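Visitor: Could we go through this model together? I would like to ask about its side chains and its overall form.

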Amino acid sequence: MRYISPEQALHKAFWMIKVPSMSLLLGPLLTYVLLAKLKIIPSIGYEGMKWALPCFLIAFFGGWLVWSIQVPRWRLWAYRQVEDIALLDRLAVERKLIWQAGSVFEKTEIMSSEVSAELEKLRVLSEAACAQQGAPADAKKRRG
């Protein structure tokens, strides 16, 4: 099988994870600010808060929901494409695309048990392949 580099997988992660989640995070907030500046909706006092709070909640939870769904989808794609999964995960954490393994936030990823099992199987296969090839110690570390 022909593998892609971790850099290529991370480039795709930017477009699959970061752009959609940031768009959903910033979109409602910027819309609120624009509509308030144009005096289409109130921006101060109780009336302003009736608009600002729902916009903030939609932005926050919408962005988080997209991230929670997209990360496992990207992981599954990337783990099938990249040989050294430990290196890929380390670089993705450094670039703030995913959370550190075992963190509370990582547990908010939404995936089926089948996807979770497939990801674990791919991790084990990657570790075995890296160990067999005498890869650097970083590649031999197990997630979690």
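**Cysteines, core and rings**

Guide: Cys55 counts as buried, at 16% relative accessibility; buried means under 20% relative accessible area, exposed over 50%, and partly exposed in between, with a 1.4 Å probe and protein chains only. Cys130 is also buried, at 2%.

Visitor: How many disulfides does a search of the whole structure find?

Guide: The search finds 0 disulfides, a disulfide being a pair of cysteine sulfur atoms within 2.5 Å.

Visitor: What should I know about the origin and conventions of these values?

Guide: This is a predicted model, in which local features need pLDDT of at least 70 and side-chain atom pairs count only at pLDDT 80 or more, while totals for chains, interfaces and linings use all residues. Residues are numbered from 1 along each chain as its sequence is written, and side-chain values use heavy atoms, with hydrogens and water left out.

Visitor: How many helices and strands are there in the chain?

Guide: The chain has 5 helices and 0 strands, in the pattern α-α-α-α-α along the sequence. These elements are DSSP runs numbered from the N terminus (helices: H or I, at least four residues; strands: E, at least two).

Visitor: What is the radius of gyration of the chain?

Guide: The chain has 19 Å, whereas a compact globule of 144 residues would be near 15 Å. The radius is taken over C-alpha atoms, and the globule rule is 2.2 Å times the number of residues to the power 0.38. Along the principal axes, the C-alpha atoms fill a box of roughly 65 × 25 × 25 Å. Of the 144 residues, 33% count as buried.

Visitor: Which residues have the most contacts inside the largest nonpolar core?

Guide: They are Ala9, Leu10, Ile17, Trp74, Tyr79, Leu88 and Ala92, in a core of 20 residues. Such a core is a set of buried Ala, Val, Leu, Ile, Met, Phe, Trp, Tyr and Cys residues joined through side-chain atoms within 4.5 Å. Two or more residues come from each of α1 (6-37), α2, α3 (85-94) and α4 (113-133), and α2 gives the most, with 6 residues.

Visitor: And what does Leu88 touch?

Guide: Leaving aside residues up to four places away in sequence, Leu88 touches Pro6, Ala9, Leu10, Trp74, Ala78, Tyr79 and Val82. A contact means heavy atoms within 4.5 Å.

Visitor: On to the rings: how many aromatic pairs are there?

Guide: The count comes to 7 aromatic pairs. Rings of Phe, Tyr and Trp (its six-membered ring) pair if their centres lie within 6.5 Å; planes under 30 degrees apart count as stacked, over 60 as edge-to-face and the rest as tilted.

Visitor: Why is the pair of Phe14 and Trp15 edge-to-face?

Guide: The ring centres of Phe14 and Trp15 are 5.2 Å apart and their planes are at 90 degrees, so the pair is edge-to-face. Phe14 is partly exposed at 36%, whereas Trp15 is exposed at 51%.

Visitor: Are Phe56 and Phe60 stacked or tilted?

Guide: Phe56 and Phe60 are stacked, 6.1 Å centre to centre with 15 degrees between the planes. Both lie in helix α2 (residues 45-81), 4 residues apart, about one turn of the helix. Phe56 and Phe60 belong to one aromatic cluster with Phe61, Trp64, Trp67, Trp99 and Phe105.

Visitor: Which ring does the charged end of Lys12 sit over?

Guide: The charged end of Lys12 sits over the ring of Trp77, 4.2 Å from its centre. The rule requires NZ of Lys or CZ of Arg within 6 Å of the ring centre and within 35 degrees of the ring normal.
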